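This report covers backbone geometry, nonpolar packing and aromatic contacts in a predicted model.

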Amino acid sequence: MNQYLNFSQKDYLQLQKVYEALLQQVYEICNQKEVSEEEIDQLFRSHYKNLQSFLLDSNGKEIFKKYRESPDVLEIKCAEYTSEFQMRLLGIYLSKVKQPVLDIGCGQQANLFHFLRKNDIVVYGLDRNVQNLNNKIYQVDWLEYTYVPDTWGTVISHMAFSNHFMHHHLRPDGDYEKYATKYMEILKSLKIGGSFIYAPGL
């Protein structure tokens, strides 16, 4: 999975249309008395081109140009760190954490979320790939999430928000303005004296 490919709700609807078109074509071919290999080949070539167009429209040309130059770039390494490591790296001390806490990009397993919860910290998590949802973990794209002003004592984002912000800042066609706007929204969502703790630094 490439974590830098990002799809909005509008993109998902567009992808649905791509597959609806494919199914319609398959239906039409199946209703023919005879189907040649050339027709089937053409069907899949057409679908492949539609998928290419979808990816270019949704994520821009520059990122795929870079992948053509260096195919190994497609192998994006993505790992979830232990809660203890994240606490040490980010310099977070349980006794000083201002609540409630929001973990942006908490990961599929939400390790830090569960660690903080076990230590009686009021915590919430956001991630588009999170598993084991409950009433305090939301499966959502954190760029589309609304950060309500004066809500959080602490916002944490380890290798998530700022990592993607930097990625878009360095891309010639990156959507860095959207990240900058969301960054300010996150800051405004902090209570007075609250903290936004993240890595890497911006």
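Where does Asp-150 lie? Asp-150 is in the loop between β3 (137-139) and β4. Although not a glycine, Asp-150 has a positive phi of about 55°. Met-159, also not a glycine, has a positive phi of about 55°. Most residues other than glycine have a negative phi, and most peptide bonds are trans. Cis peptide bonds are found here from Gln-99 to Pro-100 and from Ala-199 to Pro-200.

| Site | Angle | Location |
|---|---|---|
| Asp-150 | phi about 55° | loop between β3 and β4 |
| Met-159 | phi about 55° | loop between β4 and α6 |
| Gln-99 to Pro-100 | omega about -5° | Pro-100: loop between α4 (83-90) and β1 |
| Ala-199 to Pro-200 | omega near 0° | Pro-200: segment after β5 |

Together with Tyr-81, Phe-85 and Leu-89, Met-159 forms a nonpolar surface patch with about 330 Å² of accessible area.

The largest nonpolar core has 17 residues. Ile-104, Trp-142, Tyr-147, Val-155 and Phe-161 have the most contacts inside this core. Two or more residues each come from β1 (101-104), β4, α6, α7 (176-188) and β5 (190-199). The most is given by α7, with 3 residues.

The whole structure holds 14 aromatic pairs. One aromatic cluster is formed by Trp-142, Phe-161, Phe-165, Tyr-179, Tyr-183, Phe-196 and Tyr-198. As for charges and rings, Lys-96 lies over the face of Tyr-93, 5.8 Å from the ring centre.

Notes: Residues numbered from 1 in each chain as written. Predicted model: local features only at pLDDT ≥ 70, side-chain atom pairs only at ≥ 80, totals over all residues. Heavy atoms only, no water. Patch = residues over 30% accessible without salt bridge, like charges linked within 9 Å, V, L, I, M, F, W, Y side chains within 5 Å. Areas by Shrake-Rupley, 256 points an atom, 1.4 Å probe, with all protein chains shown as cover. Salt bridge = Lys/Arg side-chain N within 4 Å of Asp/Glu carboxyl O. Phe/Tyr/Trp six-rings, centres within 6.5 Å; stacked < 30°, edge-to-face > 60°. Lys NZ or Arg CZ within 6 Å of the ring centre and 35° of its normal. Core = buried A, V, L, I, M, F, W, Y, C linked by side-chain atoms within 4.5 Å. Buried < 20%, exposed > 50% of the residue type's maximum accessible area, 1.4 Å probe, protein only. Helix = DSSP H or I, 4+ residues; strand = E, 2+ residues; numbered from the N terminus.
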